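Hi,

Here is the structure I said I would pass on.

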Amino acid sequence: MSVRNAIQVEHLPKHIAIIMDGNGRWAKEKGQDRLFGHLHGVESVRDIVEGAAELGIEYLTLYAFSTENWDRPEEEVAGLMELLVDTIRKEVPTLNKNKIRLHVIGDASMLPANAKKELAEAINETKDNQGLNLVMALSYSSRWEIVNAVKSIASAVEEGRLESKNITQDTFQQYLTTASFPDPELMIRTSGEYRISNFLLYQLAYAELYFTSTLWPDFRKENLYEAIVDFQQRERRFGKTGDQLKK
Ligand code: IPE
Ligand code: IPE
Ligand code: MG
């Protein structure tokens, strides 16, 4: 029996965020180079995007490349960028068929010109889709995002578009790259690492965290279902007491 049957469909998280980690170690276990792992990681992305769309998840954010990942060996970075551009180009028809809308968050100025162009086209070609919102975090880091938000807010104040006394949490949220998405309720990290690695630091304030030792290239729909079932067994208290929630 699939774990899928254990999912309570009326209590799905609206937004799931995933740190897709472990491609390099997966490849190493097989005596292959790191890019082989990234190549197989794409299979997992396909399966998980399809799985999330089938369940009716509204937002899925995938951490694909961090700002810090630019410091990896040149060969790996170049290979990853090529894989990215290639995959996006090839996947647009499938995204459209499954009514998936693509969004990208991150520092686009760091991306090679062809990657920027492919991304812009894919975003435009999927913009009317009303199903799953697929958010790719690319060249993304949360500290970059937060500092950027602060700079934009400072400019708005300087130019008289905003008064500092009117800055609230809602204002701040509007200046983040995720302004139009709800906060993730469930954050999954694969590969047995217990850290956030500069991912959505502000947005994950009350997310349930799920860590699994499965390496990303082995992560499939069943693993996603397991994470959702686990999420559904948690008591989300948001600072209140358990008794208060029962009232
Ligand atoms: C995740 O896998 C993919 C990216 C960060 C681009 P890694 O490449 O980090 O794989 P490990 O962690 O070295 O095994
Ligand atoms: C986090 O993985 C970034 C992505 C999955 C894109 P890393 O492999 O870069 O993280 P660290 O270095 O282990 O923290
Ligand atoms: Mg890693």
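Helix α1 gives the largest share of the shell around ligand 1, three residues. (Helices are DSSP runs of H or I with at least four residues, strands are runs of E with at least two, and both are numbered from the N terminus.) Before going on, a note on the basis: this is a predicted model, in which local features need pLDDT of at least 70 and side-chain atom pairs count only at pLDDT 80 or more, while totals for chains, interfaces and linings use all residues. Residues are numbered from 1 along each chain as its sequence is written, chains are lettered from A and ligands numbered from 1 in the order in which they are written, and side-chain values use heavy atoms, with hydrogens and water left out.

Back to ligand 1. It has 13 residues around it, and Asp-21, Gly-24, Arg-25, Arg-34 and Arg-72 come nearest; a residue counts as near if one of its heavy atoms lies within 4 Å. By class, that shell holds three nonpolar, five polar and five charged residues. (Nonpolar covers Ala, Val, Leu, Ile, Met, Phe, Trp, Tyr, Cys and Pro; charged covers Asp, Glu, Lys and Arg; the others, Gly among them, are polar.)

Which atoms pair up with ligand 1? I looked at polar contacts, meaning pairs of N or O atoms within 3.5 Å. A polar side-chain atom of Arg-34 is 2.8 Å from an oxygen of ligand 1. From the backbone, a polar atom of Gly-24 lies 2.9 Å from a ligand 1 oxygen, and an N or O atom of Asn-23 lies 3.1 Å from one. Taken alone, ligand 1 exposes 380 Å², and the protein buries 87% of that (Shrake-Rupley areas with a 1.4 Å probe). The elements giving two or more residues to this shell are α1 (23-29), α2 (34-55) and α3 (74-97).

Now ligand 2. Strand β2 (residues 59-66) gives the most to its shell, with four residues. Among the residues surrounding ligand 2 are Tyr-63, Phe-65, Asn-69 and Ser-197, and the shell divides into five nonpolar, three polar and four charged residues. Ligand 2 exposes 390 Å² when taken alone, of which the protein buries 77%.

One to look at joins Asp-86 and Lys-90, at 3.1 Å from N to O. Both residues lie in helix α3, four residues apart, about one turn of the helix.

Cheers

Key. Polar contact = N/O pair within 3.5 Å; in protein donor to acceptor, adjacent residues only side chain to side chain. Salt bridge = Lys/Arg side-chain N within 4 Å of Asp/Glu carboxyl O.
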